[in-house]
2 protein chains.
Amino acid sequence: MLSNHLQNGIETAKMVWSRIPNAEEGDHEHAGLLRKSDGSSVESLEYEVVENHAYWEEQDQRGKLFLVYYVVVKWFFALLIGIGTGLAAVFINLSVENFAGWKFALTFSIIQKSYVAGFIVYVLINLVLVLSSVYIITHFAPAAAGSGIPEIKGYLNGVDIHGVLLFRTLIGKIFGSIGSVGGGLALGKEGPLVHTGACIASLLGQGGSTKYHLSSRWLQIFKSDRDRRDLVTCGCAAGVAAAFRAPVGGVLFALEEVTSWWRSQLMWRVFFTSAIVAVVVRTAMGWCKNGNCGHFGSGGFIIWDISGGQEDYSFEELLPMAIIGVIGGLLGALFNQLTLYISYWRRNHLHKKGNQVKFYCSKEKEYNDLATIFFNTQDDAIRNLFSAKTIHEFSAQSLLTFLVMFYTLAVVTFGTAVPAGQFIPGIMIGSTYGRLVGMFVVNFYKKLSIEEGTYALLGAASFLGGSMRMTVSLCVIMVEITNNLKLLPLIMLVLLISKAVGDAFNEGLYEEQARLKGIPLLESKPKYQMRKMTAKDACRQRVVSFLRVVKVADIVSILQSNKHNGFPVIDHTRTGETLVIGLMPRSHLLVLLQSKVDFQHSPLPSDPRPGSRPIRHTPSEFVKPASSKGISIEDIHLSSDDLEMYIDLAPFLNPSPYIVPEDMSLTKVYNLFRQLGLRHLFVVPRPSRVIGLITRKDLLIEDSEESDTVELQSTSISASR
Amino acid sequence: MLSNHLQNGIETAKMVWSRIPNAEEGDHEHAGLLRKSDGSSVESLEYEVVENHAYWEEQDQRGKLFLVYYVVVKWFFALLIGIGTGLAAVFINLSVENFAGWKFALTFSIIQKSYVAGFIVYVLINLVLVLSSVYIITHFAPAAAGSGIPEIKGYLNGVDIHGVLLFRTLIGKIFGSIGSVGGGLALGKEGPLVHTGACIASLLGQGGSTKYHLSSRWLQIFKSDRDRRDLVTCGCAAGVAAAFRAPVGGVLFALEEVTSWWRSQLMWRVFFTSAIVAVVVRTAMGWCKNGNCGHFGSGGFIIWDISGGQEDYSFEELLPMAIIGVIGGLLGALFNQLTLYISYWRRNHLHKKGNQVKFYCSKEKEYNDLATIFFNTQDDAIRNLFSAKTIHEFSAQSLLTFLVMFYTLAVVTFGTAVPAGQFIPGIMIGSTYGRLVGMFVVNFYKKLSIEEGTYALLGAASFLGGSMRMTVSLCVIMVEITNNLKLLPLIMLVLLISKAVGDAFNEGLYEEQARLKGIPLLESKPKYQMRKMTAKDACRQRVVSFLRVVKVADIVSILQSNKHNGFPVIDHTRTGETLVIGLMPRSHLLVLLQSKVDFQHSPLPSDPRPGSRPIRHTPSEFVKPASSKGISIEDIHLSSDDLEMYIDLAPFLNPSPYIVPEDMSLTKVYNLFRQLGLRHLFVVPRPSRVIGLITRKDLLIEDSEESDTVELQSTSISASR
């Protein structure tokens, strides 16, 4: 049964991991440096503004009015992301609830006649649902498999994984979620909703999907990766807000777990998006209460109100609560480790054999055999586990059995070829052992004021804390979904313990998964050994430079011979000295080669005066569309005449990339690179002189109107006195 | 009356603003650049690590064990900050409540005999309390005046205002708060508690107060401004958590409003501190419930439970709620503007006249005349305003009268010489007009399910949002203090509207105050006009460089002749070229001049080989103590022999400050400066060549043990299969 089940991962792995270097095949460099991002499916994002001539031309044309328009569109997009994610969540919930309702109604009517027939029908329905989900993922949108949170985390850290934010991924995620959750697998819809929100945001950011002719010209003002990053952050928060109806939790989740950069202005926009989601979901639920949505409205959104539960706690109870925290940390760390092993095992399996047919039926049957016992009532099961005033509702044996089996299932289900969230399984596992501890506490202290439901809630928090290693956002989400603020200090305590225990063993679930998937995340802190290294030590590849005016044939041969994505451009001054005049990104070179309009016959620089030469490109031409891989050098076909021509690179390069002196310690370099979200950084010799020194004072430039106003104000006051 | 009252600000203004350049006296530069930080009371912080020889020596001596010790102390300090701030909050509350209790008991017993005598006694008690607070602030700790949040915001932005984080400020803040709040002024204790938390954190960071011999050697490992910044962030969050018993709100407040830099690791530590505060406060309250603390326990901490109130809302109600948001934005913006005017007015007043005697008595009497009507029951008043099931408890006329008078009072009280928080007055004002709107709504819609208390709450949120311009943290704080999660979407809506309305008029209260106090905050976004400027344009002061080996007399004369805080150091190579070898901070030069041990007779560089020359300084010697101004050039007395000697600066300088090319656009320079929290940035000529190019791949250095483990894991799995 187990080995059958594990084959399930093969398909996913084949689709998702096929391009990732196999860590077991001696791919390590012995210098202790892993070449993780060599896989061609992963590319760094460019958060820096390339201040080339086209950019300046565009800036000059834009007035103050454009700024207003820009801000309006930004907020309009935040609104749309909120509405879109809210509607997607409602749609998924509606479908899942209705499938569950039909399933139960049908099974119940058949079971009256024959138990076996009812069972078979039930299994078949689930089978069809899960199969459809698997089919969608494997044949239509492979990037929609799994939770999606590691990929989004990677995107916001500056790594673009191709296919993650496509329109087809969005569709696959939504319908795949309906199939897998409706089919009763041991997984939730929260991670997928985060991914859904991010997809919606990214599609809006590029002004729609060009492939499906859904794009609009006037919305395409977010051409830089930096703007898209902000939108995707909004999308993440919206996803969490929609999944848990927890708007504050959504904001915090985006902030604590997903993003790598954050500005306080962004906080407000993210908050707005989450609020919109809350309003949309609430409106839809109100509409559904009137019976417009079939079976929906009974438990579609996760709100487990335990306000009738324990309001106070005594100090003796802190010990068992701390124990829950420790258990949560241990089980969570174990969960991360086991899922890592299983993923490795699957990957090895994949590399050794090639069988991937005919495992659906046998696997799914196994699933649903168990599903009939455990699943399809996940929300209700949690509500029962959290319930107050129900001491000894469950026996210890049944809880323990449930715990062991569900834990095993959650581990083996992880990483299958369906959209899968880890929150609901985590809450299930945690609340089970939490309730177990609660039962012992009741027996031991013999007090009736102790509620097992409270312990179940703490258990859920502890397991999620031990596995995902979030603290603040998880805490707020737990409070928001249980609607009970009084338990906040206890949840905090348990979370702190479980995170500390878990951290002693391994990294958080999403970091482990990102590492496994080969997403090269840059942590916020530099590694310890970087203190002893200098910037020069880190440069391991030979730099390939261009001259300012370069022959097309040379560009083609250089682009073909290496995989660098950025090239320094060197110019000679009249006195014969060399001078670095900027950085030329590979993608820009490819655009120039493809368009051919800038080719010139003369090997001399064009007139440097502005306006002497029309700029034939808009900045948007240089932006790689988020939904495709961009052009590659193999796609470009040039005639032999073209190859003999020249290009003057000066108008197209980024004239001032960030630079560091060669002997700067790598810690400082890392901070610069990470904090500013760079893609390329020049290591240069020590400067020969200092032209100026910039301090805080030099950067305090007031808006000229504003300082006028201040002066006026003070004058008017002086006058009125 | 009013002019009498306004004289109150003179003393404060004299103490706090005396060193700030007067903006009205033509101090502007006409290039649109304000020289704000010229005041000698404000200095930039150094967040960069100065990697000089002493630093490397120390790094070499430290092993992995030190890292563990460092982490342990960091968490231990977080614990201590939590406990300290919690205890301070409990102490303040205890004292205020007990004073209020005694006051009422005494007045009540006297009033039985004579109404006039009771009134006089009551006024006298308040007078004494407020006077003692004013005395503490004016004669003992001038930096403790006001809310303190703008100063802390400045500190975390990288500006050190002398005296803000001293031990005496801490003491002044605590006792001043007791006096001013206990004396019934129109202000709260929340801002002061934030300042208190920050002071505790800063004092711990420097290992105690050396002036009062409370320091401990083994705790002094946080010598850099960067570590202290993290501690102060924890302290801020602890202050808010203690003031409102809102731990999550505290974390968010620190994040959204106060800090300028944030890392997700820090979030966990801040969260821990807040949780500790919550536990400490809860424990103290439990202890007080048993009657151990006099009158304490009835309303000392702000928890206005409105859980019995309105749980649902209809769509028609959204319009009046939006109106509340608009009113909040307008009144909040007006409040900010009026307080700004008053502060300007006071400052002018101060500069014109010099009378500052004998205003206490007359002024305080005026205060308490009103105070007997309005104050001393702030907590209870708010509780009544928020109360559910009490329709038409207040008449519209009395609410309107209260609103106008309290608003006026809050405006004129702002900026007096006492510790003053703006939260409670804001909540008072907001809940009053909120309740007014609620009354009209009840009359208009004629539905009994509408609760005026809910409108009062929304009004409070809207006024705070309109004045302070926070969204997420304010929302969470409101939810935490009212203990009602169901109102979250409504609070969000109202906050979004009031912040948007307020932003249309002016900046937030804290930004306005920081600007007024001359704290040069660097906003997170570069100004629009920086797009057109280059790094070179921003350098307006002539650079003063040192040679590597420099005569002591030259150092002294240079330090005396200018006020620069950083000097580039130039060396000559054997081929005669110049080379910038680093940055020498003024403070380090002063330490070298004072200690004299590094003076040498020869004008030749010392042996560059490491170990050839003992390092006579530890890095801690170079750290400016947070509690004093550091040494100045006037404090150093050198003999004429000393002046003839030389110093080799190479071992003491920061060898690799960040550099930018001269023609980089100022937007990029600003981002670098702001994101990394720099103090000095070198503007250098374009480099002549590129030595290397650093990309994400180059910075992905794995811990060597860890990659071994991963390999082992996969091997063991392969073997077990």
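I began with chain A, where 3 strands make up an open sheet of mixed pairing, in the order E3-E5-E6. Strands here are DSSP runs of E with at least two residues, helices are runs of H or I with at least four, and both are numbered from the N terminus. Two strands count as paired if DSSP finds at least two bridges between them.

A note on the source: this is a predicted model, in which local features need pLDDT of at least 70, side-chain atom pairs count only at pLDDT 80 or more, and totals for chains, interfaces and linings use all residues. Residues are numbered from 1 along each chain as its sequence is written, chains are lettered from A and ligands numbered from 1 in the order in which they are written, and side-chain values use heavy atoms, without hydrogens and water.

Next I looked up the edges of the chain A sheet: they are strand E3 (546–547) and strand E6 (578–585), each pairing on one side only. Strand E5 (residues 566–572) of chain A joins E6(A) in the antiparallel sense over 7 bridges. Opposite A:Phe567 I found A:Met584 in E6(A). Helix H22 (residues 586–595) of chain A packs on this sheet and touches E3, E5 and E6 of chain A (contact: heavy atoms within 4.5 Å). Its direction makes about 80° with that of E6(A); axes are lines fitted to C-alpha atoms, for helices over the stretch in contact, with angles from 0 to 180 degrees between N-to-C directions.

Then I turned to chain B, where 3 strands form an open, mixed sheet in the order E3-E5-E6. I noted that B:Val569 has B:Gly582 in E6(B) as its bridge partner.
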